[in-house]
Amino acid sequence: MVGTILVTGATGTVGSEVLKQLSNDASSYNIKAGVHSIENANKVQQYDRVKVVQLDYDNMEGVESAFKDVDKLFLLTHPSSKTVEHESNLVTEAKKSGIKHIVKQSIMRADLGADVEAMRLHRQAEKLIIESAIPYTFLRPNEFMQGFINFQGTTIKSNNAFYVPAEDAKVSFVDARDIAAIAVKALVEGDKHYNKTYMVTGPEALSYHQAADKLSDATGRKIDYVNISEEETRDALKETGMDDWLINTILGLYTLYRNDHASEVSSAVEEVTGRKATTFVEFATDHADAFR
Ligand SMILES: NC(=O)c1ccc[n+]([C@@H]2O[C@H](COP(=O)([O-])OP(=O)(O)OC[C@H]3O[C@@H](n4cnc5c(N)ncnc54)[C@H](OP(=O)(O)O)[C@@H]3O)[C@@H](O)[C@H]2O)c1
């Protein structure tokens, strides 16, 4: 008998791909899509076997019915200083409702001693899952290639340039579709992925200059990477209305990148999915229209 998988963060970058790939998977699991803003529900209703449930991590009313009859959980929370509180509530509910496997979206180099708070919080949340004794799979991805659309896309479209404080850092950017592919394999195949942690990266480490060149090739026009200072980055992010916690997280991550903490390449995508990780050229070609 097939069971039910609850995908949280289902309208976001990774969650929407998990949903799409799960609904196309031959395993035929029933799927619940955890949606925060109900006006986004139409984004997930297009897929087969998907039932929408509303989830607000800041208000756990209704979580019991969202978790009812769920066998496996894809656990993804948005970047927040409240990550541990949010994930603790979800894990407590998972335990109560008898969930048998949690696949958690974490972050590369999650560690209690990490310099960036978001990485420490992810490790604390991982530990709560381990303590719950529910079998787990932790996905620890590097920076998403989709960040070039979600965060740099606006200025790429308006100025043919993007502005980050990365200097000559090299980063093994990963395509969110590959993270989702690992999540789906783990959710569907189950026990061979129990209690495993996968560092998920792209197939190569690239500088932002190299990324700009590849975006230029894919779009057929010159796109420049402009290195800016931390202060300029802070001011630009503040103007978008971003809160200080997230701005500090982003600046902290760029410091790690400049210190070469994000260039390691892992083989997880190929090991788990049996196919090679998506290259930056493939990502840029597939999404060329998003930069026009
Ligand atoms: N971005 C990266 O490069 C990167 C790299 C490594 C790890 N990560 C980790 O990946 C996770 C983020 O993944 P993502 O980029 O796919 O997320 P995302 O695109 O920002 O999507 C976040 C999802 O969470 C939902 N959400 C927001 N606030 C919520 C709330 N209060 N209650 C319930 N749901 C809520 C959003 O729904 P609404 O849109 O309706 O609010 C959306 O579906 C974070 O844990 C981050 O640390 C990110």
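Q: Over how many bridges do strand 1 (residues 4–7) and strand 4 (residues 72–75) pair?
A: This is a predicted model, in which local features need pLDDT of at least 70, side-chain atom pairs count only at pLDDT 80 or more, and totals for chains, interfaces and linings use all residues. Residues are numbered from 1 along each chain as its sequence is written. Strands (E, at least two residues) and helices (H or I, at least four) are DSSP runs numbered from the N terminus, and two strands pair if DSSP finds at least two bridges between them. Strand 1 and strand 4 pair in the parallel sense, and the number of bridges is 3.

Q: Which residue of strand 4 is the bridge partner of Leu6?
A: Leu6 is bridged to a residue in strand 4, a strand that covers residues 72–75. The partner of Leu6 is Leu73.

Q: What does the twist average from one strand to the next?
A: The strands concerned follow the order 3-2-1-4-5-6-9. Angles run from 0 to 180 degrees between N-to-C directions, and axes are lines fitted to C-alpha atoms, for helices over the stretch in contact. On average, the twist is 15°.

Q: At about what angle does helix 7 (residues 176–189) run to strand 6 (136–141)?
A: Helix 1 (residues 13–23) lies across strands 1, 2, 3, 4 and 5, at about 160° to strand 1. Helix 7 also packs on the sheet, touching strands 1, 4, 5, 6 and 9. With the direction of strand 6, that of helix 7 makes about 170°.

Q: How many nonpolar residues does the contact of helix 1 with helix 7 have?
A: Two residues are in contact if their C-beta atoms, placed from the backbone, lie within 7 Å. Val14, Val18 and Leu22 are among those from helix 1, and Ile179, Ala180 and Val184 are among those from helix 7. Ala, Val, Leu, Ile, Met, Phe, Trp, Tyr, Cys and Pro count as nonpolar, Asp, Glu, Lys and Arg as charged, and the others, Gly among them, as polar. There are 2 charged, 2 polar and, of the class asked for, 9 nonpolar residues.

Q: How far apart are the axes of helix 3 (residues 83–96) and helix 4 (residues 117–132)?
A: The residues that meet include Val84 and Val91 in helix 3 and Leu121 and Leu128 in helix 4. By class, this contact has 6 nonpolar, 5 polar and 2 charged residues. The two helices pack at about 15°, with an axis separation of 9 Å.

Q: Which helix gives the most to the shell around the ligand?
A: The ligand is surrounded by 25 residues, the closest being Gly12, Thr13, His36, Ser37 and Tyr57. The shell divides into 10 nonpolar, 12 polar and 3 charged residues. With 3 residues, the helix that gives the most is helix 1.

Key. Near = placed C-beta within 6 Å.
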